[in-house]
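Take a look first, then read on.

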Amino acid sequence: MKKIWMAGLGGAAIGALASTQLAGPLLAQEADKDKSVYEELDLFGDIFERIRTSYVEPVDDKTLIEAAINGMLSHLDPHSSYMPPDDFDDMRVQTKGEFGGLGIEVTQENGIVKVVSPIEGTPADEAGIQPGDLIVQVNGESVQGLTLNEAVDMMRGPVGSEITITISRQGTPDPFDVKLKRETITISPVESRVEDGVIVLRLKTFNEQTFPDLEKHFKEDLEKVGGLDKVTGVVLDLRNNPGGLLNQAISVVDAFLDSGEIVSTRGRDPRDSERYNATPGDLTNGKPMAVVVNGGSASASEIVAGALKDHHRAVIIGTQTFGKGSVQTIMPIEGEGAIRLTTARYYTPSGRSIQALGVAPDIIVEQHTPEDAAQAQGEQPQVQIRSEADLRGSLENDSLTPDEKKILEEDRKHKEETAKLRAEDYQLSYAIDILRGMSYLASESPDAKESAN
């Protein structure tokens, strides 16, 4: 007890010495820091007052303050911004799946407005706007130097009104104009179809309806093909999907995993870190999967692709994704507006951030345009090849029953349909071919035969 008590006294003495020698300078530093902040705020007030009294034209106080707030937030990163009440209302409407505009997702890079992706079926998509396009003018006015919100405001307007945006595109020598008509954008977040036994789920965005729609479409397609036993595999098409709600991305991944981490987020304070895990239950019961991505696949799309890739649940096909690995929190503030503030980075299950890197596909497949296909056909004309069956007097195959011949003929027709798809959508047809190959190998494996016996 004596030694413990002495140790306590010694600790108290050292603590007293530390408090006298160190606390004073630390408090002084804090005081200096506070003083510096107040001096900077005084400077802001001085400049604000001089603009009000001396600028060549009268300026609205509210406009000045909003511009200052926007400048402060946009200086942090391309995704933090101030949303006045009208913009905040628009954002809430967009996440529900219907809004007015051009149907284009944009970001800001080095002061330039850059297209992340057009939303499928919208005026921007139909006009041929592409991911990576730079918007340099709106109705003849330059957008360089504006905040992202200011540039977006220039593109907004009454439904039915026309707008001209000037696009600078890599590989195109001169900027060019694109005329668009604003429309009410109603987003059906999921489309689906069946291609040769493969269910193709096209996810356009991640709004409040994404997971419910995915589940509904998947069940409808199961009925069409006659049950899960008839399904070869599933393709998730995330191309040009700019992202959206984090919880919807988590739900989509959870639909195809039985367990394991989906994504983690890490903020400035370690206590704010979150980890999201899958719950038991796989919609497909482990059927082979492929995910198709490109440079317009961003944010929530990359969470889905990254999680399924890290768990080896799906083959990722296409080109490098956009590389947006940050989480924005919408914080309502006084005056019915809000700020969109970057509060965390997200990490795939392997612990890797995709920020500025994107998700690398397992198999890189560039998309062939119809022009490419036409050019290729022009250089290498198709030659009609005759088969044995075309020869006059050829022998018939006597080893197959009429029913077996019918099955083979139907299978041939399915494969021809998939082959036709290559000219329309090379990346998707590649994904379907991969899944058919995986399904064939699984059915031919010794393990599969044993389980069948």
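In H6, Thr210, Phe211, Pro212 and Leu214 meet Gln248, Ser251 and Val252 of H7, where contact means heavy atoms within 4.5 Å. By class, this contact of H6 with H7 has four nonpolar, three polar and no charged residues. Helix H6 (residues 210–225) and helix H7 (residues 246–254) pack at an angle of about 25 degrees, their axes 8 Å apart. That makes H6 roughly parallel to H7, a label for angles under 35 degrees.

A word on the source: this is a predicted model, so local features need pLDDT of at least 70, side-chain atom pairs count only at pLDDT 80 or more, and totals for chains, interfaces and linings use all residues. Residues are numbered from 1 along each chain as its sequence is written, and side-chain values use heavy atoms, leaving out hydrogens and water.

Now the rings. The structure holds two aromatic pairs, meaning ring centres within 6.5 Å, with planes under 30 degrees apart called stacked, over 60 edge-to-face and the rest tilted.

| Pair | Centres apart | Planes at | Type |
|---|---|---|---|
| Phe44 and Phe48 | 6.3 Å | 15 degrees | stacked |
| Tyr426 and Tyr430 | 6.2 Å | 55 degrees | tilted |

Phe44 and Phe48 are four residues apart in helix H1, about one helical turn. Phe48 is buried at 17% relative accessible area, while Phe44 is partly exposed at 43%; buried means under 20%, exposed over 50% and partly exposed in between (1.4 Å probe, protein chains only). Tyr426 and Tyr430 both lie in helix H11 (residues 426–444). Tyr426 is partly exposed at 24%, and Tyr430 is partly exposed at 29%.

Methods: Axes fitted to C-alpha atoms, helices over the stretch in contact; angles between N-to-C directions. Helix = DSSP H or I, 4+ residues; strand = E, 2+ residues; numbered from the N terminus. Parallel < 35°, antiparallel > 145°, perpendicular 65-115°, else oblique. Nonpolar A, V, L, I, M, F, W, Y, C, P; charged D, E, K, R; others polar. Phe/Tyr/Trp six-rings, centres within 6.5 Å; stacked < 30°, edge-to-face > 60°.
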